[in-house]
Amino acid sequence: EKMAYKNILVHLDQTSRSAARFDLALDLAKRQQACLSAFYATSMPYLFHGAEMRHREDVQAECAGQACQAGVDFVWVPEIEDLSHPPLVARLNYQSFFADLTMLGQPGADAGPPPAPPKDLPEKMVLTSGRPVLTIPFSGNFQRVGSRVMVAWRSGRASARAVYDALPLLARADVVHLVSFATTKTEREHGEVTLKKLAGFLAQHGVTAVTESRLISGIGFGDAFLYRVAEDGINLLVIGGALPSAPAPMAG
């Protein structure tokens, strides 16, 4: 039996990308047969009245209707009064403790002051929540997430944790690429060995994966992975998140 998420949490807000984020979360919850929880929160939680309150109610009604039509169990998570004043990341962290996966949006480059989300919200969530986080990029239109997956592998706790957290997505993917980049021939050979072990581990969970260890020069690891994502039309990047001092999001 394939592993599956039982509860997916999606963060909603007043930004233009919020509705599309809910659509992706609803589609994923339906495919995972999971309950979908929606948490509407902004960087200014004390605006619980007037136009914003009416907007929240409209969003709640719209989301509940879509979930009902899709046959997905739906929960609207209210803001907790006693916890309404801490920063947005703290309130999101708290809600993420009770979900298998949290979906949120990458704030746009033009994100303004509150109530817009802070620009580093995804990074802070990955590093402080202790839970899997799936970040939707601010640019591009996405019909589905998780059918074509790339795992950015670098031996260490962060990558190992990300892979395990993503197993329910990997198990249902059409294609899974396991990719590591190296700057020396020795590093590449080591990468080939560890990727082979990783592929064996995933095979025990019913996941068939293609491995690739590639030499790079004159480019950073982050850019190399992003170029590789574009090459294959990847719609989910699984990557470990760690503090800079630790061995090198779930960002994908």
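Trainee: How many aromatic pairs does a search of the whole structure find?

Mentor: The search finds five aromatic pairs. This is a predicted model, where local features need pLDDT of at least 70 and side-chain atom pairs count only at pLDDT 80 or more, while totals for chains, interfaces and linings use all residues. Residues are numbered from 1 along each chain as its sequence is written, and side-chain values use heavy atoms, with hydrogens and water left out.

Trainee: What describes a pair of aromatic rings?

Mentor: The distance of the centres and the angle of the planes describe such a pair. Rings of Phe, Tyr and Trp (its six-membered ring) pair if their centres lie within 6.5 Å; planes under 30 degrees apart count as stacked, over 60 as edge-to-face and the rest as tilted. Here the ring centres of Tyr94 and Phe98 are 5.3 Å apart and the planes stand at 75°, so this pair is edge-to-face. Phe97 and Phe98 also form an edge-to-face pair, with 6.3 Å from centre to centre and 75° between the planes. Tyr94, Phe97 and Phe98 form one aromatic cluster.

Trainee: Is Phe98 buried or exposed?

Mentor: Buried means under 20% relative accessible area, exposed over 50%, and partly exposed in between (1.4 Å probe, protein chains only). Phe98 is exposed at 54%. Tyr94 is partly exposed at 31%, and Phe97 is partly exposed at 43%.

Trainee: Which residue lies over the face of Phe221?

Mentor: A charge sits over a ring if NZ of Lys or CZ of Arg is within 6 Å of the ring centre and within 35 degrees of the ring normal. Arg154 takes that place, at 5.6 Å from the ring centre of Phe221.

Trainee: In what order do the four strands form the open sheet?

Mentor: Helices (H or I, at least four residues) and strands (E, at least two) are DSSP runs, numbered from the N terminus, and two strands pair if DSSP finds at least two bridges between them. The order is β8-β7-β6-β9, with parallel pairing. β8 (210–215) and β9 (236–239) are at the edges with a single partner strand each, so one side of each has no neighbour in the sheet. Strand β6 (residues 148–152) is joined to β9 by four bridges, and Ala152 stands opposite Ile239 in β9.
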